[in-house]
Amino acid sequence: MNIFSMVVTFENLHEVRRLCHWGPIIALSVISICSTMAIFDSIIWYWPLDTTGGSINFIMLINWTVLILYNYFNAMFVGPGYIPLDWKPGNQHHTQYLQYCKVCHGYKAPRSHHCRKCNRCVMKMDHHCPWINNCCGHLNHAYFTSFLLLAPLGCSHAAIIFIMTMYTQLYDRISFGWSTVKINMSAARQFQPLIPFSVPAFAATLFALGLALGTTIAVGMLFFIQMKVIIRNKTSIESWIEEKAKDRIQHYQTGEEFIFPYDLGSCWLNFKQVFTWTGMPKGDGLEWPVHPKCHQHTLTIEQLKQKADKRVRSVQYQAVEDYNGACCPLSKGLQTFFRTPCTEEPRIPLSKGETILATRGTKWWMYGDKMLSEQQVAVGERVRGWFPRRCVEKCHYDSAASENTSEKKVN
Ligand SMILES: [Zn+2]
Ligand SMILES: [Zn+2]
């Protein structure tokens, strides 16, 4: 009964649906293919268990798999930590320094951002990762980064096993043209495997090798990016905010000095904020230790200034062509098709005559907010995303100004 009630009240049970997404399905398939093939190749063809080296190799392979899955599932199910719904700062006076989230009906605590995929405000949000189908943020930053370190290490080990298995098994059968290279393979070839290394086994090993090498390179790069985030204590979103802060100060010549508040000044101190012996990061995800010259709301005030500035600097466009919201639309020209922005951000369908406030763009695509009716705005609706540049035309200054006076300072 106790066990049954424990299972039923298991808080994260509903979170199991996070697995039903292409990211976790692909990631878990890659992990299972690589680890299963590495174990089979080792014990059947390359390094049998009756040798000491073979046993150690086997234990190491199992260890990699367990550690990788442990960190992967923790990153996914512990999650980044969400700001409580209806959250307000302890001091009512501080609400003026914070942005309000209409979806979560609460204020956005410092360092938090609203994730449209998770549909919640996420503590110290770095990014939404499709591979764990969850955000990477405050609570799961250490698990996520450990996974990014362990996966390439495990895959490199597996890749060595795959290469050595194929090499030792094919050594006698085909000529590599390496007759001048003398490698003593006697140790590896002294036993006769029970199952011959057949064509399907070779194909599966080669396939697994491709996956292992690809994972090592791709995930290894992500590990270095995350380590940079951790030792600077600056998330990818905050780097962007800092860049815009410098831009804003330079543009308006305000003479302010912007100091990023969360960098504690030493890589080790920053590292210890995320990695602790308990596995849980320091802090409650709402208040943060800051640089002596800053305070809790240094960054949120800067965000509010940027938000106000962005509104002034956005440019009004009108749709002159319909667009169905396709990622790579066929009917909008080759360049639009091939130069589609490499991001998971949504595309927004347009109908002729609609108005959009664009905040950024490339030569072929633009990003902005569709102007909605007052009722839609009142219920917090927002349509924001990419659309092809050729589907819109810049509004004339006069018409833009008369429609929305706050937009008259168009640059
Ligand atoms: Zn929110
Ligand atoms: Zn998210």
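Me: How many bridges join β7 to strand β11, and in which direction do the two strands run?

Reply: In this predicted model, 3 bridges join β7 to β11 (residues 392-394), and the two strands run antiparallel. Strands count as paired from at least two bridges, so β7 and β11, with 3 bridges, are a pair. Within this pairing, A319 stands opposite V392 in β11.

Me: What makes β7 and β8 a pair?

Reply: Strand β7 (residues 315-319) is joined to strand β8 (residues 355-361) by 4 bridges, and because at least two are needed, these strands pair as well. They run antiparallel, and V315 stands opposite A358 in β8.

Me: Why is α5 called roughly perpendicular to α7?

Reply: The two helices pack at an angle of about 105 degrees, with their axes 6 Å apart. Angles from 65 to 115 degrees count as roughly perpendicular, and therefore α5 is described in that way relative to α7. Where they meet, I230, I231 and R232 in α5 are in contact with C267, N270, F271 and V274 in α7.

Me: How do you know whether T276 is buried or exposed?

Reply: T276 has 11 other C-beta atoms within 10 Å, and a residue with 12 or fewer counts as exposed, so T276 is exposed. Its place is in the loop between α7 (267-274) and α8 (298-313). Leaving aside residues up to four places away in sequence, T276 touches P281 and K282. T276 and A142 are 134 residues apart in sequence, while their C-alpha atoms are 8.5 Å apart in space.

Me: Which residues touch the most other members of the largest nonpolar core, and which elements give two or more residues to this core?

Reply: The largest nonpolar core has 48 residues, of which C34, F147, A158, F162 and A212 touch the most other members. The elements that give two or more residues to this core are α2 (22-46), α3 (52-77), β4 (120-122), β6 (134-136), α4 (141-170) and α5 (199-232). The largest share, 12 residues, comes from α4. Not counting residues up to four places away in sequence, F147 touches I68, N71, Y72 and A75. A second, separate core of 12 residues includes L350, I356, W365 and C391.

Me: Which residues does UniProt list for "transmembrane region", and what is the helix content of residues 53-73 and 201-225 in the model?

Reply: An unreviewed UniProt entry lists residues 25-47, 53-73, 147-167 and 201-225 under that name. In the model, residues 53-73 are 100% helix and 0% strand, with the end C-alpha atoms 30 Å apart. Residues 201-225 are likewise 100% helix and 0% strand, and their end C-alpha atoms lie 36 Å apart.

Notes: Residues numbered from 1 in each chain as written. Chains lettered and ligands numbered in written order. Predicted model: local features only at pLDDT ≥ 70, side-chain atom pairs only at ≥ 80, totals over all residues. Buried ≥ 20, exposed ≤ 12 C-beta atoms within 10 Å, placed from the backbone. Contact = placed C-beta atoms within 7 Å. UniProt positions renumbered as here; feature names shortened; annotations may be inferred. Core = buried A, V, L, I, M, F, W, Y, C linked by C-beta atoms within 7 Å. Axes fitted to C-alpha atoms, helices over the stretch in contact; angles between N-to-C directions. Parallel < 35°, antiparallel > 145°, perpendicular 65-115°, else oblique.
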